[in-house]
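Let us walk through this structure step by step. Keep the sequence and the 3D view side by side.

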Amino acid sequence: MVTAVFSNSTVASVVGQGQGLGFGEILRNIRMVEPGLNLLEQYWAAWYCYMDNDVLATGLLFFLLHETMYFVRSLPWFIIDQIPYFRKYKIQPTKIPSAKEQWHCLKSVMLSHFLVESIPIWTFHPMCVKLGISVEAPFPSWTTIIPEIALFFVLEDTWHYWAHRLFHYGVFYKYIHKQHHRYAAPFGLCAEYAHPAETMTLGFGTVGMPILYVMYTGKLHLFTLCLWITLRLFQAVDSHSGYDFPWSLNKFLPFWAGAEHHDLHHHYFIGNYASSFRWWDYALETESGLEAKATREERMKRKAENKIKKLN
Ligand SMILES: [Zn+2]
Ligand SMILES: [Zn+2]
């Protein structure tokens with residue numbers, strides 16, 4: 001079957017799809033036939049032509065992307081945990097995860113990745129075709145990609161806030177979400193340490209929101225989705241890192257949640273339910289921690305005083 005990576009289907013056979021050529025050879029042919037493609041687009045197209053099976057190409061791409069990005073992003077935090085210099089930036093400085101804890105977490109996360117997350121990954125391409133998610137090279141422009149990713153961040157954060165808040169109620173907590181709260185002082189690797197039901201539910205925010213988007217607009221590129229998933233993974237791992245630096249993103253974007261926000265959630269078990277942003281917790285008065293409680297009470301006091309003033 002000819003790959004959908006080129007809008008002109010004859011290009012695929014010209015560059016050597018299905019002729020048993022090596023990846024390097026196909027890449028060289030693509031450079032000659034399609035000189036307008038940038039480096040990333042060339043590799044993307046070569047991958048699809050080399051695989052000679054779009055279902056396998058998309059499935060493997062997603063699985064490898066998830067594994068690589070998750071562990072590549074967790075590794076620096078693991079190293080930082082071994083260096084005492086960084087202790088001053090640790091939000092809960094006395095709680096350094098032990099090797100045993102990290103090993104347990106790693107095993108569980110790997111098992112979950114292979115068993116739970118591999119199923120939707122393997123059925124992803126047929127769904128892409130049905131929904132009209134494109135795999136074509138060239139990619140859309142950055143003016144299309146950036147607003148789409150920004151929208152996915154906002155939508156995912158909203159889904160995450162409500163689903164996570166629900167997970168803190170009675171049976172949902174007891175039988176599902178409790179697993180994720182095993183670590184009161186989180187570390188990067190434990191971002192996806194969760195019950196399969198939680199992984200599926202919260203994962204809907206990451207994968208389901210772009211699906212709803214493409215169902216509505218009829219247009220989305222798989223590269224945008226790959227980029228979004230990578231950034232969302234980075235956000236999840238970083239928010240569990242346990243470190244708040246003077247150069248952390250939340251210091252420049254005050255509405256960005258960051259590790260400080262989610263660490264408090266693990267510490268107090270209550271409040272700070274959102275993933276990427278602070279606005280839901282602020283607006284619905286569910287911020288965690290003593291400081292937030294004090295400002296909330298101050299705000300309520302001021303409101304009450306103003307009301308009395310108005311009445312008088
Ligand atoms: Zn929680
Ligand atoms: Zn967490």
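UniProt positions are given here in the numbering used for this structure; feature names are shortened, and annotations may be inferred rather than shown by experiment. With that in mind, the unreviewed UniProt entry lists residues 150-286 as "domain: Fatty acid hydroxylase". This span is 61% helix and 1% strand. Its end C-alpha atoms lie 24 Å apart. Helices (H or I, at least four residues) and strands (E, at least two) are DSSP runs, numbered from the N terminus.

This is a predicted model: local features need pLDDT of at least 70, side-chain atom pairs count only at pLDDT 80 or more, and totals for chains, interfaces and linings use all residues. Residues are numbered from 1 along each chain as its sequence is written, while chains are lettered from A and ligands numbered from 1 in the order in which they are written.

How far can you trust it? pLDDT is the predictor's confidence in each residue, from 0 to 100. The protein's mean is 90, and 99% of its residues reach 70 or more. Confidence is highest in helix α8 (residues 142-167), at a mean of 97, and lowest in helix α6 (residues 118-122), at 72. Where pLDDT is low, the predicted coordinates should not be read in detail.

An automatic or database domain assignment gives domain 1 (1-52) and domain 2 (54-278). Their C-alpha centres lie 32 Å apart.

Finally, find helix α4, residues 54-82. Its 29 residues reach 42 Å from first C-alpha to last, close to the 42 Å expected (1.5 Å times one less than its number of residues).
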